[in-house]
Amino acid sequence: MSKPNVPQFIKDASRMVEKHSPEILMGIGIAGMITTTILAVKATPKALKLIDEKKKEEHKDELTPMETVKTTWKCYIPAAVSGMTSIACIVGAGSVNAKRNAALATAYKLSETALTEYRDAVVETIGEKKAELVKDKVAEDKVKKNPVSASEVIVTERGNTLCLDGTFGRYFLSDIDKIKKAENELNRRLINEMYVSLNEFYDELDIPHIEIGDRLGWNLDDGKIELETKAKIADDGRPCIVIEYSIAPRYDYYKLS
């Protein structure tokens, strides 16, 4: 029997705690709030007893608010400590999430910049015609690797042509005119409002939102939205329009320069 690797176990446990620290802190915070309520409820009878004793001692029918606080504050010390600890845990969870989101945004921006530079270099090196052939091949590969026969097709009232969102891999029914109309509508909104989200584009196509769709979008500073469409054949024999974004939706699209 092999001996347990204690250092490795500690290392793995530390990584697990670090990875799930927001959830752990939030859980502790919620549990602490419940504990705070219980402690406060338990402290109340003792506090009421002290108030009654103080009234008798001072020969008063009622104590002033300040006298009540001075008489009972010690009863609520455990509840106060628990409450402050719980708040600190909840705030800490939010802080960790904020830092992670900031790191994610930075990483996304770096990747986006690198991709744009790479794409421009490819066009400059091999020329626009060959670059179009590369895009055509990429669109074909996306249809092959994501067969419609194994996918859900979103049915809409915006057309009957099979379409594939090449970036997010969703099939839906539409047509080229509706897609162009959605592009024009978003560009009109982009000019007026300076930014639009990815989910707003999906609204124009009558397809459901995605979870990250409100966090990704376009900003007028990057230029107008330009969709690239490629006509392909799906594995079930149907014509398929593959949609790509010349300017990819970015993470911090709502930030104005």
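Which side chains meet in a salt bridge at 3.2 Å, N to O? They are those of Glu-140 and Lys-144. Before we look around that pair, a word on the model itself. It is a predicted one, in which local features need pLDDT of at least 70 and side-chain atom pairs count only at pLDDT 80 or more, while totals for chains, interfaces and linings use all residues. Residues are numbered from 1 along each chain as its sequence is written, and side-chain values use heavy atoms, with hydrogens and water left out.

**Salt bridges**

A salt bridge here is a side-chain nitrogen of Lys or Arg within 4 Å of a carboxyl oxygen of Asp or Glu. The structure holds 17 of these salt bridges. Helices (H or I, at least four residues) and strands (E, at least two) are DSSP runs, numbered from the N terminus. Glu-140 and Lys-144 both belong to helix H5, 4 residues apart, or about one turn of the helix. Helix H5 spans residues 128-145 and also holds Lys-137 and Asp-141, again 4 residues apart. An α-helix has 3.6 residues a turn, so residues three or four places apart point the same way.

| Glu-140 | Lys-144 | 3.2 Å |

Lys-144 counts as exposed at 57%, whereas Glu-140 is partly exposed at 28%. Elsewhere, salt bridges that share partners join Glu-185, Arg-188, Arg-189, Glu-200 and Glu-204 into one network.

**Helix H7 and its buried side**

Helix H7 covers residues 198-205, and its buried residues are Leu-198, Asn-199, Phe-201, Tyr-202 and Leu-205. These cover an arc of only 150° around the axis, which puts them on the same side of H7; the arc is that of the directions from the helix axis to the C-beta atoms. After H7 comes Asp-206, whose phi is positive, near 65°.

**Aromatic pairs**

Rings of Phe, Tyr and Trp (its six-membered ring) pair if their centres lie within 6.5 Å; planes under 30 degrees apart count as stacked, over 60 as edge-to-face and the rest as tilted. There are 5 aromatic pairs in the structure. In one of them, the rings of Phe-201 and Tyr-245 have centres 6.0 Å apart and planes at 80°, so the pair is edge-to-face. This pair links distant parts of the chain, with Phe-201 in helix H7 and Tyr-245 in strand S7 (residues 239-245), 44 residues apart. Phe-201 is buried at 2% relative accessibility, and Tyr-245 is buried at 9%.

Tyr-245 also pairs with Trp-218: the ring centres are 5.6 Å apart and the planes at 55°, so this pair is tilted. Trp-218 sits in strand S5 (residues 217-219) and Tyr-245 in strand S7, so the pair ties together parts that are 27 residues apart in sequence. Like Tyr-245, Trp-218 is buried. Ring pairs link Phe-201, Tyr-202, Trp-218 and Tyr-245 into a cluster.

**Nonpolar cores**

A nonpolar core is a set of buried Ala, Val, Leu, Ile, Met, Phe, Trp, Tyr and Cys residues joined through side-chain atoms within 4.5 Å. The largest has 22 residues, of which Leu-198, Phe-201 and Trp-218 touch the most other members. Helix H6 (176-193), H7 and S7 are the elements that give two or more residues to this core. A second, separate core of 10 residues includes Val-148, Tyr-171, Ala-234 and Cys-240. In soluble globular proteins, nonpolar side chains tend to be buried together.

How values were computed: Buried < 20%, exposed > 50% of the residue type's maximum accessible area, 1.4 Å probe, protein only.
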